[in-house]
Amino acid sequence: MSIACGKRLAAFGLVAPLLLFLVLFFVWPLVTMMSNAVSDPGAGRALPQTAAALSNWDRSSPPTPEMQAALVDDLRTTQDDQLIGDLTRQLNSARSGFRTLMAKTVRTVREEQGAVDLVQVDQRWEDVSFWQAIAAATASPYTDRNLLAAIDMARSPTGEITALPASASANLAILQRTFVIAAGTTLACILIGFPYAMVAASVTGWKRQVMLAAVLLPLWTSLLVRTAAWFILLQDNGLINRLLQTLGLIDAPLALLFNRTGVIIAMTHVLLPFMVLPIFSVLIAIPTNLLPAAASLGAHPLRAFWRVLLPLSLRGVVSGSLLVFMAAIGYYITPALIGGPTDQMISSVIAFYATGTANWGMAGALGIVLLVATIALYVVYDRLSASGTERA
Amino acid sequence: MTQPYIRFDKVTKAYGDFTVVEDLYLDIAKGEFVSLLGPSGSGKTTLLMMLAGFEPPTRGAVIVDEKRIDQLPPHRRNMGVVFQSYALFPHMTVAANVAFPLEMRGVPKADRKQLVDRALDMVQLGAMADRKPSQLSGGQQQRVALARALVFEPAVVLMDEPLGALDKQLREQMQLDIRDLHKRLGLTIIFVTHDQSEALTMSDRIAVFNKGRIEQIGTPNEIYDHPTTRFVADFIGETNLLDGTIETSDASGLTLSLPGGKRIRVAAGSNEAAGKTVTVSLRPEKIRLGADAGPSSSSGNSIPATILDSVYHGDHLRMVLDAEGTRLIAKADRRFGDLQPGSKAVASFDPADCWLVRS
Ligand SMILES: Nc1ncnc2c1ncn2[C@@H]1O[C@H](COP(=O)(O)OP(=O)(O)OP(=O)(O)O)[C@@H](O)[C@H]1O
Ligand SMILES: [Mg+2]
């Protein structure tokens, strides 16, 4: 018993550094970012009694005296001007006019003692929409505002989720573009990687070593260096254009830089190993006599490929695609250096919010959207591969 | 033999410097059952692969039905192949595996089902039609491979140790089934095996391979009773190989002097010259053991022997004898069970049972 216990302790001791590392550098930042994305900057904290009073309001009937009294109480007790300021900004972004209204109200409430009729202070307190904004802001310490904004949505004053006008935000469009670029890269990786892996699996000895090294080599070079190399290669007077021109295939240089073609070329090169390696490992595990067997049974090589080799290697193609796609949707440097303004992917928006405007809430929310998309993909893959192994 | 259906004409196969099959001639008639027998690595699989079209011969021609088939791709050769390692398609069910050749030949779906069922019944796997190969035992997989290679009734069936993974009972059953099928459909079968008794019971002819060459080809009877080389005699069944010097030779055979000094008569090799060293094969079951030389002692050979070892084999006893300096193995009837190691006996055998082999 004590020996088993000791063993378990020793085992735990061995994995403890890894666990600690994971918690510190993976779980904790993840949780922080996620809570940043959904936590409310202050409405709930600044107006606790109002929050309670509004919780059973139907959000359409005229404001009651209890609600007014609670708000007055909250504004008096909350001395933290920073908090009030945050609150005002938040409310103002939901309903314009709050800035002046709050300033006026706070001043009056603090000057006077006892009950205050807010409508006397400002007519606008009769307006339901201001109360709706407060109700929405104080409903819970969490908010879905960032998450909704990440997918171009917002809550209306009455609390329904509505789409933002196209001019107000472009996150969905960028998200969609991200998926399109990632899908394009994945497709290009399959088209190049599958035949490559097939050849690599069919040769032996040094030829195979060379082929695998050629794929692996880019992995040992920094991403930045590789992207910079493509930057040089894809220029108007870069190697590729000059080669094509020398060969007489084109008259004027192709535009390969600062557009999507360039982005997909560079990303395909960078991500190709993640496609080739899984396919290769599946292919070399396929018994070598299956294709001869198919031929002996009367299958033309193309049919043998279609009926035997392809179904058996599909697992490698799917896992390779998943790896490439998931890596691709997070790409930042390559589109930033090689793409044009319409080729920026969601990571650049995240970077903009995180480092440009210090809006950690939005950065976190977009991150969550990306994470959810990735996890959804993984679940689909898992289902597919589970049913695949069941069948095999 | 009638016009050969399949002919290997001076075929050589080499991988780089390594010659696997060398200058091989082999004629096979239509409807014949030929076994290829030989030690591991002797080139049997290579021969099949050249016939099926997976390995091109380095030199020589493979001719089927009077046409060279070098240019014919494997999928158009119409030969059923049972691979040494089954080669079942792991992603297809047993039924789909067996239906594959029919599908490739455009057999309508409705007929396919019927043919597949019949083929699976033949190998007693009707109940497993919906399983994946990975859910079958080795022997069951082997039977699926067999069904798959036979279902489209190819003119030629190449089998690379198709029964290797089966237990004795099933093996014998399948041997009978294959024989039966061979007769019924008039199939030409080339059957690779390690098991000499399988080769002896099933084949019309046996080709004994050694190091990429055919040492001897002939009916089972010829191969067993009249092996031409030392290798064949030793490889097929158990035998005593006696080296001796010819003392005299005459019309009825020759007299041989064994290393221990004992002389024996051999009813063969009358044209061999005296003084030459030759090897004689003597099957253990041809040796009679007795307390004395026995009734035919006048014409036969008899050597006094000491029993060194006696092993019980159920239907017989396998004796190791020291016959005046020559080690002999004899198969004795069970009534000699009282002959204990150390006791004396006389080993006698007919000159006609001594067969001269080349070394
Ligand atoms: N692709 C290859 N390259 C080099 N040598 C090979 C190749 N294929 C087979 N050989 C060699 O050819 C020889 C004959 O092989 P083969 O498979 O024909 O033997 P076999 O008689 O079928 O043996 P077994 O009874 O063990 O199956 C072996 O020594 C083997 O190592
Ligand atoms: Mg073999």
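Biologist: Why are the side chains of E153(B) and R118(B) said to meet in a salt bridge?

Modeller: A salt bridge is a side-chain nitrogen of Lys or Arg within 4 Å of a carboxyl oxygen of Asp or Glu. The N to O distance for E153(B) and R118(B) is 3.9 Å, so the pair meets the rule. E153(B) lies in the loop between α4 (138–150) and β7 (156–160) of chain B and R118(B) in helix α3 of chain B, so the bridge ties together parts 35 residues apart in sequence. Helices (H or I, at least four residues) and strands (E, at least two) are DSSP runs, numbered from the N terminus.

Biologist: What should I know about the model before going on?

Modeller: This is a predicted model, in which local features need pLDDT of at least 70 and side-chain atom pairs count only at pLDDT 80 or more, while totals for chains, interfaces and linings use all residues. Residues are numbered from 1 along each chain as its sequence is written, chains are lettered from A and ligands numbered from 1 in the order in which they are written, and side-chain values use heavy atoms, with hydrogens and water left out.

Biologist: What makes R118(B) count as exposed or buried?

Modeller: Buried means under 20% relative accessible area, exposed over 50%, and partly exposed in between (1.4 Å probe, protein chains only). R118(B) has 54% and therefore counts as exposed. E153(B), at 44%, is partly exposed.

Biologist: How do you know that K113(B) and D117(B) are separated by about one helical turn?

Modeller: They are 4 residues apart in helix α3 (residues 109–122) of chain B. K113(B) is exposed at 53%, whereas D117(B) is partly exposed at 31%.

Biologist: Which parts does the pair R171(B) and E198(B) tie together?

Modeller: The two side chains meet in a salt bridge at 3.0 Å, N to O. R171(B) is in helix α5 (residues 168–185) and E198(B) in helix α6 (residues 196–202), both of chain B, so the pair ties together parts 27 residues apart in sequence. Both R171(B) and E198(B) are buried. Over all chains, the search finds 22 salt bridges.

Biologist: What is the area buried between chain A and chain B?

Modeller: About 1900 Å², of which carbon and sulfur atoms give 63%. Buried area is the accessible area (1.4 Å probe) that two parts lose on being put together, summed over both. In chain A, S296(A), L297(A) and R307(A) lose the most area to chain B, together 34% of what that side buries.

Biologist: How many salt bridges are counted between chain A and chain B?

Modeller: The count is 1. R307(A) forms a salt bridge with E103(B), the closest N and O atoms being 2.7 Å apart.
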